[in-house]
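Subject: Structure for you to look at

Hello,

Here is the structure I said I would pass on. Please open it beside this email and follow along.

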Amino acid sequence: MTKPMDAIDAVETTPPASGYQQGIIDYYSEAGMDYEPWSRRFNMHFGYYRWGLNPFDREQMLDEMNRQVVQRLDFDSTQTNTLADLGCGVGTSARFAIEHFPNTKIIAATLVPWQIKMAKEMSTAEIYKDRLTYTLADYCDLGLDDASCDGAYAIESSCYDHGKDKRNFLTEAYRVLAPGARLVVADGFTKRKTQSRFFRYLYRKVCDGWALQTFAGLDEFVEALEQIGYEDIQVQEASWRVAVSVSYVPWVSIKYFFKSIFLRKDDTRIQFGHFIAPVYGVLMGLHRRQYGYHIISARKPG
């Protein structure tokens, strides 16, 4: 196993702040707090439903997505493992991993200074001390040593890399993974290169609202994994698993609109995009032949 880092203080590297990256920083700096109506713990992703969970407890399903992703890393829990959270938001998934997976240490990376600040404010409990490091960095250029991580995961964040194959993201993850370690990605993927006009309209609205350039294409993403050198590639379509949590989107969006936009009357273009994107996303997700939610894992040879 690799030697873990041991500091909760953020590593203050300075990521590039131009072009599409600046759009990401602006979006999350402006709309970051608006995720609270979706998750009191600031889980900035959809949930995973399995038999035995309460479908009326959205937070439980959001945490279950964290569990499903981290356990797919398949590391030896009897030894200390350093994991990389690639696009950590305010660190909720990283804190979940610390709390539920013994002997884990997390390096959590984000481009957004506001997220680093809030993540540190939410990570003061003793359990995180010496086990959790936040780093202000582009996950395509982490600044970590080669083969320094025993696993890496990205929950609805790989989509922010440009290109349909997300090659820059996948290449950097491969570099920092130790031999034999796994990468796990949970995200939305397009399935067909030929898409209907209505789907393309919905797709553009979702990307614009969430400051995305493009979702990954499933075929292009898997092909890039193979070309980079990953092995044991496993693809699970989880669209029906996330559908239960997705069903909450209209109600949460309506409440958000009236509380944060209509009543306060202080909306911005970013906030309105944040409100409308998930609504369009529900409609986009109904196009099952053209789009789906997948959990993909792959191993670096070793």
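What follows is a short account of what was found, going from the whole chain to single residues.

The whole chain

Please keep in mind that this is a predicted model. The protein chain has 302 residues, and 56% of them are buried. Its secondary structure consists of 10 helices and 8 strands. Among contacts with a separation of 6 or more, 78% are between residues 24 or more positions apart. The chain exposes about 13,500 Å², and 54% of that comes from carbon and sulfur atoms.

Strand β8 covers residues 291-299. How many of its 9 residues are buried? The number is 8, so the strand is mostly covered, given that a residue is called buried when its relative accessible area is under 20%. Strand β5, residues 177-190, runs antiparallel to β8 and is joined to it by 9 bridges. In this pairing, D187 stands opposite H294 of β8. Strand β7, residues 231-237, also pairs with β8. These two strands are antiparallel as well, with 5 bridges between them. Here Q236 has I295 in β8 as its bridge partner.

Helices α5 and α7

Helix α5 is made of residues 167-176, and helix α7 of residues 218-228. Their axes come within 10 Å and cross at roughly 35°. The crossing of α5 past α7 is right-handed. On the α5 side, the residues that take part are R167, L170, T171 and Y174. On the α7 side, they are F221, A224, L225, Q227 and I228. Sorted by kind, the residues of this contact are 6 nonpolar, 2 polar and 1 charged.

Helix α4

Helix α4 runs over residues 113-121. Which of its residues are buried? They are Q115, I116, M118 and A119.

Two residues with positive phi

K166 is not a glycine, yet its phi is positive, near 55°. This residue is found in the loop between β4 (149-155) and α5. Is K166 buried or exposed? Its relative accessible area is 0%, and the limit for buried is under 20%, so K166 counts as buried.

D232 is another residue that has a positive phi without being a glycine, with a value of about 50°. D232 lies in strand β7, the strand that is joined to β8 by 5 bridges. With a relative accessible area of 40%, D232 falls between the limits of 20% and 50%, and therefore it is partly exposed.

A buried glutamine

Q68 has its place in helix α2, which spans residues 58-71. Why is Q68 called buried? Its relative accessible area is 8%, and the word applies under 20%, so Q68 qualifies. Apart from neighbours within four places in sequence, Q68 is in contact with Y48 and R50.

If you want a place to start, find β8 with its antiparallel partner β5, and then turn to where α5 crosses α7.

Regards

Definitions and conventions. Residues numbered from 1 in each chain as written. Predicted model: local features only at pLDDT ≥ 70, side-chain atom pairs only at ≥ 80, totals over all residues. Heavy atoms only, no water. Axes fitted to C-alpha atoms, helices over the stretch in contact; angles between N-to-C directions. Helix = DSSP H or I, 4+ residues; strand = E, 2+ residues; numbered from the N terminus. Left-handed = near helix turned anticlockwise from the far one by under 90°. Contact = heavy atoms within 4.5 Å. Nonpolar A, V, L, I, M, F, W, Y, C, P; charged D, E, K, R; others polar. Buried < 20%, exposed > 50% of the residue type's maximum accessible area, 1.4 Å probe, protein only. Pairing = 2+ DSSP bridges. Areas by Shrake-Rupley, 256 points an atom, 1.4 Å probe, with all protein chains shown as cover.
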